[in-house]
Amino acid sequence: MAAILSISDLRKSYEGGFEALKGVSLDIDEGEILALLGPNGAGKTTLISTVCGIITPTSGSVKVGGHCIIDDFRAARALIGLVPQEINLEPFEKVINSVRFSRGLFGKPKNEPLIEDILKKLSLWDKRNAQVKELSGGMKRRVLIAKALAHEPRVLFLDEPTAGVDVELRKDMWDVVQELKDSGVTIILTTHYIEEAEAIADRVGVIADGQILLVKDKDDLMAQLGQKQLCVYLTAPVSEVPSSLATYDLELSEAGDALIYTYDTKAERTGITALLNDVAAAGLVLADVSTRQSSLEDIFVGLVSGEKS
Amino acid sequence: MNWTAIWSIYRFEMARFFRTLFQSFLSPVLSTSLYFVVFGAAIGSRIDQVDGIAYGAFIVPGLIMLSVMTQSISNASFGIYFPKFIGTIYELLSAPVNFLEIVLGYVGAAATKALFIGTVILATSTLFVDITIAHPLAMVLFLVLTCLSFALLGFIIGIWAKNFEQLQLVPLLIVTPLVFLGGSFYSISMLPPIWQKITLFNPVVYLISGFRWSFFGASDVPVGTSLLAIGVFTALCLGVIWWIFKTGWRIRS
């Protein structure tokens, strides 16, 4: 699939010498959801703000739908919708007028059915005549999304869409993102919630210290770097791992009632059959077994701490 | 040109004005009435005429200018400072609009508000004094140009200001003294000779003088000079704004 957004060697240095982006290159395909994962201060917002025109890059190039964001800024920006991290809204304006304003600002002619459709999809239609300041935090965030969608962008940036949002609303937001994707919008979202990236992204990019550490298909990333743990629960606790099982490099749980075996799912032989046979041979009685796949969080922590060391 | 964007900004800004229409309307009516009571009736009764014009009528152009200048500045500076303050400026910066379109939207709205207030003051003054306008077209031209140029200045102040105090600083410390000393309530021919020379460095003198000419046909400085002064002032403000958007000073990092 063709890249709708192409970032090449993008750098941003501030006057004090601080380098917020250190040569970021990234291609984003049309119709995908890319999650940019990174700790606070990694450069996620700087990257988004630069692509959207809020920050002027020091060097490098960004093309949106083939249009350069500097030389051809009108065509490039017309394709982009931005949902900022902070809830930045004119408090005294009515919801619907705020959304209409955004459409007009992007030079699009009036389209009331579209505005109605957007507000209904985001469950804001009933609140259309309310002043923005009367809304709850979650509703305000939806207004930001409605404003970003008002000019029918092909690329939508969501900067930490669920920061400070409760669990239920977060799930709602994920549904909204999925619907947008289904309607053909390319979505780039930043988050430091790994479960968010895991739940909705097609690809995951990890950014730390102004650099992209990796960009991978989410499932590939999980499969490539993922390890699994087998937990063997025993009917009676043991004080130490029996010496006959020493070759397996097992961990004993704190209570002594479980043996934990870490293995690679991609390995030719996982060694599970042999382990279970040897556990029985050592005279231990199994109460239960469970397996656990390492999460993106484990991968992420591994990558970021590896970068720092 | 993205005319739809200009119109959207203009309407959004005007909506703020209409939300507080009553205050917007009442405050100039009240302050004008107060000026007429104090200067027109109480003090003005002891001053016969200035340049052959009744004092009550003489102060009308200055009074309109005083309000129009301060309103243009405060409307425009607040108009652009508020999005900066609450963060909604992100939308302007990421929209497919250039500096001229943003300026036209904000400055146009601020100038319209000031024009409205100027008109209200003019209408209120007719309740107190008899006024005839010698050159109505020139009067409208001077009024519109003053609204626009001072709204441009206000726009610059709004971008420059880092807090609400700074927003008030320039109007309070520079503009109000210049307007008061610019002949709003007197003819500069009433000043001692040395001050008549010094006052010519005050740009507001030319605006008030030109505006007063459009009412009474008499002025402190030639009308052409007044028009030139307002033209230079407008061009200067536009130049500064062009530079602000080119460099992103205080708006784009």
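This is a predicted model: local features need pLDDT of at least 70, side-chain atom pairs count only at pLDDT 80 or more; totals for chains, interfaces and linings use all residues.
Residues are numbered from 1 along each chain as its sequence is written, and chains are lettered from A in the order in which they are written. Local features need pLDDT of at least 70, side-chain atom pairs count only at pLDDT 80 or more, and totals for chains, interfaces and linings use all residues, while side-chain values use heavy atoms, without hydrogens and water.

Chain A is divided into domain 1 (3-223) and domain 2 (227-293), with bounds from an automatic or database domain assignment. The centres of domain 1 and domain 2 of chain A, taken over C-alpha atoms, are separated by 45 Å.

In chain A, helices H3 (residues 95-105) and H5 (residues 137-149) pack with their axes 7 Å apart and at an angle of about 30° (axes are lines fitted to C-alpha atoms over the stretch in contact, and angles run from 0 to 180 degrees between N-to-C directions; helices are DSSP runs of H or I with at least four residues, numbered from the N terminus). On the H3(A) side, A:Val95, A:Ser98, A:Val99, A:Phe101 and A:Ser102 meet A:Val143, A:Ala146 and A:Lys147 of H5(A) (contact means heavy atoms within 4.5 Å).

Between the chains, 31 residues of chain A and 25 residues of chain B take part in the contact. The area buried there is about 2,500 Å², with 57% from carbon and sulfur atoms (accessible area, 1.4 Å probe, lost on being put together and summed over both parts). Five salt bridges are counted between chain B and chain A (a side-chain nitrogen of Lys or Arg within 4 Å of a carboxyl oxygen of Asp or Glu). B:Arg16 forms a salt bridge with A:Glu90, with 3.2 Å between the closest N and O atoms.

Key: Helices (H or I, at least four residues) and strands (E, at least two) are DSSP runs, numbered from the N terminus. Buried area is the accessible area (1.4 Å probe) that two parts lose on being put together, summed over both.
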